[in-house]
Amino acid sequence: GVTRISGVGMQHVWASCSPGLIRATHDGGRTWRTECALGEVSDISAVNGNVAWAVGSEERVLKTVNGGSTWQQLHSGGSCTNFTSVSAVDESRAWAILTSSSGNAFYPDFTHRVMQTVDGGTNWSVLMQEFCPRLIGTNRALGPVEFVNPTTGYLLVSEEVRTDSAI
C-alpha cells in the first residue's frame, strides 16, 4: 500500500509504497509507473517535476533529478538506524529525521536527530538530537519535518507517557 505521497502541481506526484517501491505519475494520475525498488521507503518529498528525495530504512537516502528516470542512492548505513521523514526545498537542500534504536527489543532506547544537507545529500549535519530512554516511561518522537523554504520549517514533537506496570 501507499505510505506517503508528495506532489508538485496537478501533474507530478510521487508515492512511497510498501514493500520499498517508489511510484510516480507525471500526467495527473492517468498513468503510474514504478520507478525504484531499493529497500523500505518511509517518506518522499517532491521539489518539482524533476527533483524528488526519498528516505527509508538503513539510513537510506535517494534522489532523482530527472523526473524519476533514475534514482541515485546518496547515503546508506546501519540496520538499526532509519530515516523516517524528509523535506526538500530544492536539489541541494533537504532536512530529514534520523531515528536509531539501542537497548533490548522489549524496551529499546531511541535517539532522534534532525539532519540537514546543503550540498545535494553528500554531507549531512545534525541540527538537533534527542535521546529518549524507554524505561523512564516517556516516549518522545520527532517528525515529520516540513520546510516551506530554506529558512522556515516545522517539526512535530510528540510525547507518549507510559503507565503500564513494566516501569
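Trp 53, Phe 83 and Trp 124 come together as one aromatic cluster. Rings of Phe, Tyr and Trp (for Trp, the six-membered ring) pair if their centres lie within 6.5 Å, with planes under 30 degrees apart counted as stacked, over 60 as edge-to-face and the rest as tilted. Before going on, a word on the model: it is predicted, so local features need pLDDT of at least 70 and side-chain atom pairs count only at pLDDT 80 or more, while totals for chains, interfaces and linings use all residues. Residues are numbered from 1 along each chain as its sequence is written, and side-chain values use heavy atoms, with hydrogens and water left out.

**Aromatic pairs**

By the ring rule, the count is three aromatic pairs. One of them joins Trp 53 and Trp 124 edge-to-face, at 6.3 Å centre to centre and with 90° between the planes. Trp 53 sits in strand β6 and Trp 124 in the loop between β11 (109-117) and β12, so this pair ties together parts that are 71 residues apart in sequence. Strands here are DSSP runs (E, at least two residues), numbered from the N terminus. Both partners are covered up: Trp 53 is buried at 0% relative accessibility, and Trp 124 is buried at 16%. For the record, buried means under 20% relative accessible area, exposed over 50%, and partly exposed in between (1.4 Å probe, protein chains only).

Trp 95 and Phe 147 make a stacked pair, 3.7 Å centre to centre with 10° between the planes. That one links distant parts of the chain too, with Trp 95 in strand β10 and Phe 147 in strand β13 (residues 138-149), 52 residues apart. Trp 95 and Phe 147 are both buried.

**Cores**

A nonpolar core is a set of buried Ala, Val, Leu, Ile, Met, Phe, Trp, Tyr and Cys residues joined through side-chain atoms within 4.5 Å. The largest one has 13 residues, and Trp 53, Val 61, Phe 83 and Trp 124 have the most contacts inside it. At least two residues of this core come from each of β6 (52-56), β9 (81-88) and β10 (94-102). There's also a second, separate core of eleven residues, with Ile 22, Cys 36, Ile 44 and Ala 46 among them.

**Salt bridges**

The structure holds three salt bridges, each being a side-chain nitrogen of Lys or Arg within 4 Å of a carboxyl oxygen of Asp or Glu. Here they are:

| Salt bridge | N to O distance |
|---|---|
| Asp 43 with Arg 4 | 3.5 Å |
| Arg 33 with Glu 35 | 3.0 Å |
| Arg 93 with Asp 90 | 2.5 Å |

What does the bridge between Asp 43 and Arg 4 tie together? Asp 43 lies in strand β5 (residues 41-46) and Arg 4 in strand β1 (residues 2-8), so the pair connects parts that are 39 residues apart in sequence. Asp 43 is buried at 7% relative accessible area, whereas Arg 4 is partly exposed at 36%. Arg 93 is partly exposed at 30%.

**Surface**

Leu 127, Met 128, Leu 155 and Val 157 make a nonpolar surface patch of about 290 Å². Such a patch takes nonpolar side chains (Val, Leu, Ile, Met, Phe, Trp, Tyr) joined within 5 Å, from residues with over 30% relative accessible area and no salt bridge; areas come from the Shrake-Rupley method with a 1.4 Å probe. β12 (125-132) and β14 (152-161) are the elements giving two or more residues to the patch. Leu 127, in strand β12, is partly exposed at 47%.

How values were computed: Helix = DSSP H or I, 4+ residues; strand = E, 2+ residues; numbered from the N terminus. Patch = residues over 30% accessible without salt bridge, like charges linked within 9 Å, V, L, I, M, F, W, Y side chains within 5 Å.
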